[in-house]
Amino acid sequence: MPMTASSPSRSAGQCARCPARQKGICGAVTPATVEAVALRGHRVTYAQNKPFLDQGTHSDRIGIVVSGLAKAVHINEDGDEFVLGIQRAGDLVGDPFGVENAVSWEAATDVTVCWLSTASLDQLLTEYPDLQRAYLQALSQQMGEQQRWFASLRGRNTTERLALWLVDQALFGDRSAEGVVPLDLSRRDLASLLDMSTETLCRSLYHLVDKGAIEMLAPDCVGLADPDQLRRLAKCEPDQKLEPLTPDRKRATCAA
């Protein structure tokens with residue numbers, strides 16, 4: 001099944017149980033605003049790699065990621081695809097103020113999105129000032145994070161870029177914990193995001209293993225064997241503590 005849809009919510013109950021309720025735009029509004037959004041929104045779940053907004057098509061809706069990962073993809077004149085960014089729970093997808101979608105939006109993993117039409121969003125923004133503030137703040141934050149990420153890639157080689165991404169995931173990833181970083185993205189998507197080939201990505205992973213910074217617990221799971229070494233290889237400042245992989249966590253992860 002490429003996607004499944006749910007009917008619009010009739011109360012804020014579904015939103016109260018939403019994984020994204022405390023994040024992004026949804027985490028900065030009142031219960032009354034949540035209920036208003038719930039009455040106008042509807043959820044759709046997309047299978048991995050399924051496009052849900054095509055580049056160049058008319059922009060008529062805005063989405064909030066409920067769970068999973070979405071990717072912004074630019075397709076050039078030759079048909080080559082480049083992953084520009086990854087959106088997580090609470091993040092916005094789509095371009096409600098543009099004439100057309102500047103990029104294609106696709107499911108990086110199985111992803112659930114809560115959709116609002118641009119007409120509904122415009123009405124809600126007018127009626128609920130707290131939603132307007134939260135919406136503008138979310139857009140500004142996402143733009144700032146994307147700019148920060150692109151700037152951080154400059155001046156780093158492929159191994160350093162991968163090390164930096166692992167540090168970033170260990171600090172801010174939704175599923176990272178106790179020295180373990182899941183590789184939720186496909187190798188192809190991660191390589192594109194880091195501006196390298198899949199072959200170079202694999203070599204860089206094992207270069208970090210050889211340097212003692214990480215340990216491959218599974219093809220889709222990395223353990224932080226030496227967080228300080230990983231930070232040095234990423235060329236980043238030790239301003240936030242990374243948890244190292246513990247023996248108990250390693251046993252639990254490898255047994256899963």
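Visitor: How do the residues in the lining of the largest cavity divide by class: nonpolar, polar and charged?
Guide: This is a predicted model, and the lining of its largest cavity consists of 20 residues. Ile25, Cys26, Val37, Ile64 and Cys114 lie nearest the centre of that cavity. By class, the lining comes to 17 nonpolar, one polar and two charged residues.

Visitor: Which element gives the largest share of the lining of the largest cavity?
Guide: The elements that give two or more residues to this lining are α2 (31–40), β4 (61–67), β9 (111–117) and α4 (129–153). The largest share is four residues, and the element they come from is β4.

Visitor: What is the volume of the largest cavity?
Guide: The search of the whole structure finds four cavities of 30 Å³ or more. For the largest cavity, the volume is about 240 Å³.

Visitor: Which element gives the largest share of the lining of the largest pocket?
Guide: The largest pocket holds about 1,200 Å³ of space and is lined by 41 residues, with Ile86, Gln87, Asp91, Gln142 and Glu145 nearest its centre. Two or more lining residues come from each of β6 (81–87), β7 (92–93), α4 and α5 (158–172). The largest share, ten residues, is from α4.

Visitor: How do the residues of the lining of the largest pocket divide?
Guide: The lining has 41 residues. They divide into 22 nonpolar, eleven polar and eight charged.

Visitor: Is aspartate 189 buried or exposed?
Guide: Aspartate 189 is found in helix α6 (residues 187–193). Leaving aside neighbours within four places in sequence, aspartate 189 is in contact with Asn49, Lys71, Val83 and Ala108. Its relative accessibility is 3%, and buried means under 20%, so aspartate 189 counts as buried.

Visitor: How many residues apart in sequence are the parts that the pair of phenylalanine 52 and tryptophan 115 ties together?
Guide: There are two aromatic pairs by the rule used. In one of them, phenylalanine 52 and tryptophan 115 are edge-to-face, at 5.7 Å centre to centre and with 70° between the planes. Phenylalanine 52 lies in strand β3 (residues 51–53) and tryptophan 115 in strand β9, so the parts tied together are 63 residues apart.

Visitor: Which residue has its charged end over the ring of tryptophan 115?
Guide: Tryptophan 115 is buried, as is phenylalanine 52, and Tyr46, Phe52 and Trp115 form one aromatic cluster. The charged end over the ring of tryptophan 115 sits 4.1 Å from the ring centre, and it belongs to arginine 61.

Key. Residues are numbered from 1 along each chain as its sequence is written. This is a predicted model: local features need pLDDT of at least 70, side-chain atom pairs count only at pLDDT 80 or more; totals for chains, interfaces and linings use all residues. Side-chain values use heavy atoms; hydrogens and water are left out. On a 1 Å grid over the protein atoms alone, a cavity is a set of points where a 1.4 Å probe fits but cannot get out, and a pocket is an open set with protein on both sides within 12 Å along at least five of seven lines; lining residues have an atom within 4 Å of a point. Grid points are joined across faces, edges and corners, and a volume is the space filled by probe spheres set on the points. Ala, Val, Leu, Ile, Met, Phe, Trp, Tyr, Cys and Pro count as nonpolar, Asp, Glu, Lys and Arg as charged, and the others, Gly among them, as polar. Buried means under 20% relative accessible area, exposed over 50%, partly exposed in between (1.4 Å probe, protein chains only). Contact means heavy atoms within 4.5 Å. Rings of Phe, Tyr and Trp (its six-membered ring) pair if their centres lie within 6.5 Å; planes under 30 degrees apart count as stacked, over 60 as edge-to-face and the rest as tilted. A charge sits over a ring if NZ of Lys or CZ of Arg is within 6 Å of the ring centre and within 35 degrees of the ring normal.
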